Amino acid sequence: MAESMRGLKRSHRCTEVSAADIGEKVTVMGWVQRRRNLGSLIFIDLRDRSGLLQIVFDETNVGAEGFAKAGTLRSEYVVAVEGTVQKRSAAVNESLKTGDIEVIAETLRILSESETPPFQIEENSQTRDEVRLKYRYLDLRRPDIQRNLMLRSRVAYLLREFMAKEGFLEIETPALTKSTPEGARDYLVPSRVHPGSFYALPQSPQLFKQLLMCSGYDRYFQIAKCFRDEDLRADRQPEFTQADMELSFVDVDDVIDVNERLLQYVFKEAIGVDVQLPIPRMTWQEAMDRYGSDKPDTRFGMELVDVSGVVRDCGFGVFTGALENGGSVRGICVPGMGDLGRKQVDKLTELAKTYGAKGLAYIQCKSDGTIKSSFSKFFTEEGLKELIDVMGGKSGDLLLFAADKNKIVWDVLGALRLHMGKELGLMDPGKFNFLWVTEFPLLEWSDEEERFKAMHHPFTMPMEEDWDKIDSDPGSVRAKAYDIVLNGAEMGGGSVRIHQNDIQEKMFEVLGFTQEQAWNQFGFLLEAFKYGVPPHAGLAYGLDRMVMLMVQAESIRDVIAFPKMKDASCLMTDAPNTVDEKQLKELGLAILPQGEDE
């Protein structure tokens, strides 16, 4: 039966007890990790968020009643123990922070009993995600998850500390706002007071932070909850946290400067990683040409090589056809994989097809000196040797080629590069390679909507030297946009914003908005822009992703207290779920069977 604390007060967390406390009385509280009964002695490992501490029960010190009570303890019972710290009577446990001491119990109170948990509370649990997330309150007791969340708390503190010292004001922006469909899908919230009208949960504080710049607040910062109704993956959740900022009277270099110092401070103080400044910069075009990705992992080479000029007249229809259609032929050289079997090469072809390739051309430079190629009949011996030389191939290497529109070629080879880099163990987990990717395209063409869309958002400033091409060649206009990339993951991104009305109106026109549509969606911002707008720019980090990269977790769920599944459901609370009919009536809503549209 559970007992009360009755005036007991915890004196230490488990790992706050140390050899310096030998001979002292302490009061510790926590969960029973495990119990070992040796007859005349009972040992328990007591666990709290700080770690483990060994407690020893013997009848002489704890009394017959206390000793009997200790014999009833099971995993996950919550207990309070008073006792005296002593040096361990047995061998020191080097793997524990408290491995050289133990507490000899004098009183024991069982504060709460526990049923047998559905899985063991241990580090690096192999329990299925579905079970772990259904019992997330138990999963959160795991020491590795607790360390992740404690680090997350530390990172949030460091961010706030740095930003305050740099003159940023922490200002909260609304969670109920207006839907702006340009971008990812909004989560909509029906209004009871305004029947038929809806709020949207914010995808980011973008418009409000720009308004704060209009209002003269100069430097804004917020750790903000954001929501996007989009398909999930390992590093994406429907609700996520941004470390968001905006600055006035700045340009690209000013934003990069403050953020480089921020990253250097946070990574050093949080995990002891020295970030060397300045962080390298690479234009979007160079990143795509060299790595096939706008968030390249620069911990290893295996860069893309454009061989379009070499193969232009080869007679191989796959290559020449791609070039005639305005595409390119590029390849990567995979070291030491030239002796792969046919089945393994076929698997790489199947992977390439998932990224849009129609097939995968290859040359195997086998370790015995022979050459095997999927297209050798179209090349002379000299032509094939020239291609291998241009690719930097040598005996034992595998050369992989893609030929299509540039986007498909980049996607295919970028994915193959990462896949082979992982297979070959080239992604050193001890490296933290930061990179700024700059000068993104302002616009990207949507085949689905048959119009240009903003690559970032409609308020991104074009580069001044490209603006004269906005009518003649809008796809070639670069943006004053920048992403901060770490080890192949986008950790944050931002841009200089448009602050001139004429440029903003032209931007809406290029995106296919009528003036009426633009004012209907963004009128409050355009109205504010009539009253003196400072040049401004900003950046936002995905806080969840930042911590995920710091702890090198496989999934973003391991750094969020209560994450969702891939279908955006919560197994623990069974959300989303149906609501009472009365609530629907109050909101003027009716649920139609799926497939009915009227």
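**Notebook: rings and strands**

I looked up F508 first: it is buried, at 3% relative accessible area (buried is under 20%, exposed over 50%, partly exposed in between, with a 1.4 Å probe and protein chains only). I'm working on a predicted model, where local features need pLDDT of at least 70, side-chain atom pairs count only at pLDDT 80 or more, and totals for chains, interfaces and linings use all residues. Residues are numbered from 1 along each chain as its sequence is written, and side-chain values use heavy atoms, leaving out hydrogens and water.

Next, the rings. I searched the whole structure and got 19 aromatic pairs (Phe, Tyr or Trp rings, the six-membered one for Trp, with centres within 6.5 Å; planes under 30 degrees apart are stacked, over 60 edge-to-face, the rest tilted). One of them is W445 with F452, edge-to-face at 5.0 Å centre to centre and 80° between the planes. W445 is partly exposed at 47%, while F452 is buried at 18%. F508 pairs with F513 in a tilted way, 5.3 Å centre to centre and 55° between the planes. F513 is buried too, at 11%.

Then I checked strand β4, residues 78–87 (strands are DSSP runs of E, at least two residues, numbered from the N terminus). Seven of its 10 residues are buried. β4 pairs antiparallel with β1 (residues 25–37) over seven bridges, and with β5 (residues 101–112) over 10 bridges (pairing takes at least two DSSP bridges between two strands). Which residue is the bridge partner of V26 in β4? I found G83, and the bridge partner of G83 in β5 is A105.

Terms used:
Helix = DSSP H or I, 4+ residues; strand = E, 2+ residues; numbered from the N terminus.
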